[in-house]
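Here are some friendly notes to read alongside the structure. They start with the terms, then take up the sheet, the ligand and the open spaces.

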Amino acid sequence: MNPLREDRQRSWDAASKEMSGCLRCHLSRSRNHVVIYRGSPTPKLLFLGEAPGAEEDRLGVPFVGRAGKTLSAAIARLGLTEDEYGITNVIMCRPEANVFDRKAATACTDWLRLKLHLLDPRFVVTLGDNALHALLPEVGRVTEVAGSLLSWEQRPLVPLLHPAATFRRKAYAERWQSDLSRLADWLGKSGRPWSS
Ligand code: SF4
């Protein structure tokens, strides 16, 4: 491992330890686990979701429930290898009734910035309105921009609907598939944008 990576890994390990004991907001009282991250220690592409659900809270791992299965199928379709991607959420503790909690999101903002800094992905895919607006608050609703190529801090960013939305409406399930095709097509056409 090169010294820079070693240094970053040490910083990540220290940050993870601190995050796992975080008491910065009210969700610390009801959670079972702080759901930090899963994936490569050096992800080229980072999926950013909104918040953990019941299964994620139980296991301490993001996107392992029903929406996680949809995301896994998308990852397979994009042909991403294990060392190429990572998955995290804007909020790391489960909000009550699975409703996105803005107070908790504000309390979790510094952690999100730190995760993005340490993971340093070359490409970001946001999942759902709240994940998109955590990074690009000025853009429109995710339904207006999903599947398009945007930019965040000089990196390409593609917003997608949240995978859980695909269970709610047939139109969202169809949109998810068509946006995914555009993303797959774009990644394929550009070679991997991170290999240059
Ligand atoms: S949601 Fe974020 S800020 Fe709130 S307790 Fe959990 S880790 Fe800390």
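1. First, the elements: helices (H or I, at least four residues) and strands (E, at least two) are DSSP runs, numbered from the N terminus. This is a predicted model, in which local features need pLDDT of at least 70 and side-chain atom pairs count only at pLDDT 80 or more, while totals for chains, interfaces and linings use all residues. Residues are numbered from 1 along each chain as its sequence is written, and side-chain values use heavy atoms, with hydrogens and water left out.

2. Let us begin with the sheet. Six strands form an open sheet with mixed pairing, in the order E1-E3-E2-E4-E6-E5. Strand E1 (38–39) and strand E5 (150–152) each have a single partner strand, so one side of each has no neighbour in the sheet. Two strands count as paired if DSSP finds at least two bridges between them.

3. Within that sheet, E2 (residues 45–49) runs parallel to its partner E4 (residues 123–127), and 4 bridges join the two. One of the positions to look up is Leu45, whose bridge partner in E4 is Phe123.

4. Next, the loop between E5 and strand E6 (155–160), where Glu153 lies. Most residues other than glycine have a negative phi. Glu153, however, has a positive phi near 45 degrees. Gln154 belongs to the loop between E5 and E6, and its phi is positive too, at about 65 degrees, although it is not a glycine. Gln154 is exposed, with a relative accessible area of 77% (exposed means over 50%, buried under 20%, partly exposed in between, with a 1.4 Å probe and protein chains only).

5. Where does the ligand sit? The ligand is found in the largest cavity, meaning that more than half of its atoms lie within 2 Å of the cavity's grid points. On a 1 Å grid over the protein atoms alone, a cavity is a set of points where a 1.4 Å probe fits but cannot get out; a pocket is an open set with protein on both sides within 12 Å along at least five of seven lines, and lining residues have an atom within 4 Å of a point.

6. The whole structure has 1 cavity of 30 Å³ or more. The largest cavity holds about 100 Å³ of space (grid points are joined across faces, edges and corners, and the volume is the space filled by probe spheres set on them). It is lined by 15 residues, and Cys22, Cys25, Arg31, Cys93 and Cys108 are the closest to its centre.

7. Around the ligand itself are Cys22, Arg24, Cys25, Ser28, Arg31, Ile91, Met92, Cys93, Ala107 and Cys108, where a residue is near if one of its heavy atoms lies within 4 Å. This shell has 7 nonpolar, 1 polar and 2 charged residues (Ala, Val, Leu, Ile, Met, Phe, Trp, Tyr, Cys and Pro count as nonpolar, Asp, Glu, Lys and Arg as charged, and the others, Gly among them, as polar).

8. The largest pocket has about 710 Å³ of space; among its 29 lining residues, Glu50, His162, Ala164, Ala165 and Arg168 are the closest to its centre. Helix H4 (102–107), helix H5 (109–119) and helix H6 (129–135) each give at least two residues to the lining of the second largest pocket, with the largest share, 5 residues, coming from H5.
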